[in-house]
Amino acid sequence: MTAQQRSRPACHDPGVSERVARRVVVHGNVQGVFFRDTTRRRAQSRGVSGWVRNRPDGSVEALFEGEPDAVESMVAFARDGPRGARVERVDVSEAEPEGAAGFEIAVNCLEQGGTWGRGGVRAV
């Protein structure tokens, strides 16, 4: 047994990808153009879990979690957005996978007539 084989967990299967997560914040004309709904549908079709929400500053924020190729395809989509969106900039950062199941549109408190409080998000 090589040193590399000893350092791997016994259950490691090199053919199985690890889950990754990316947080994106999309800036530009990205609210009111079905960005969230299109993102949700694309994520679900690719087996990506997480959430997407409007932010008070006019940007859209999302967390994508899943197989690396599927997550990267969602990051690539965020750079263009749906028809009608005008994406000016996308901030992408690595995130810890949360083990989320499914993909949700999150609604911030401002959309419900409240204030942007602690957490400020609830799923719909």
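Is Phe77 buried or exposed? In this predicted model, Phe77 is buried, as its relative accessible area is 7%. The legends below set this residue in its surroundings.

**Figure 1. The largest nonpolar core contains 22 residues.** Among its members, Val24, Val26, Phe35, Val48, Val52, Phe64 and Met74 touch the most others. Two or more residues come from each of strand S1 (20-29), helix H2 (35-46), strand S3 (60-66), helix H3 (68-80) and strand S5 (103-108). Helix H3 makes the greatest contribution to this core, with six residues. In soluble globular proteins, nonpolar side chains tend to be buried together.

**Figure 2. Val26 has contacts with residues beyond its neighbours in sequence.** When neighbours within four places in sequence are set aside, Val26 is in contact with Phe35, Ser59, Val60, Ala78, Val87, Arg89 and Val90.

**Figure 3. Phe35 and Phe77 form a tilted aromatic pair.** The model holds two aromatic pairs. In the pair of Phe35 and Phe77, the ring centres are 5.9 Å apart and the planes stand at 45°. Phe35 belongs to helix H2 and Phe77 to helix H3, and the two residues are 42 residues apart in the chain. Phe35 counts as buried because its relative accessibility, 4%, is under 20%.

**Figure 4. Phe64 and Phe103 form a stacked aromatic pair.** Here the distance is 6.1 Å centre to centre, with 20° between the planes. The pair links distant parts of the chain, since Phe64 lies in strand S3 and Phe103 in strand S5, 39 residues apart. Phe64 is buried at 1% relative accessibility, and Phe103 is buried with a relative accessible area of 5%.

Methods
Residues numbered from 1 in each chain as written. Predicted model: local features only at pLDDT ≥ 70, side-chain atom pairs only at ≥ 80, totals over all residues. Heavy atoms only, no water. Core = buried A, V, L, I, M, F, W, Y, C linked by side-chain atoms within 4.5 Å. Buried < 20%, exposed > 50% of the residue type's maximum accessible area, 1.4 Å probe, protein only. Helix = DSSP H or I, 4+ residues; strand = E, 2+ residues; numbered from the N terminus. Contact = heavy atoms within 4.5 Å. Phe/Tyr/Trp six-rings, centres within 6.5 Å; stacked < 30°, edge-to-face > 60°.
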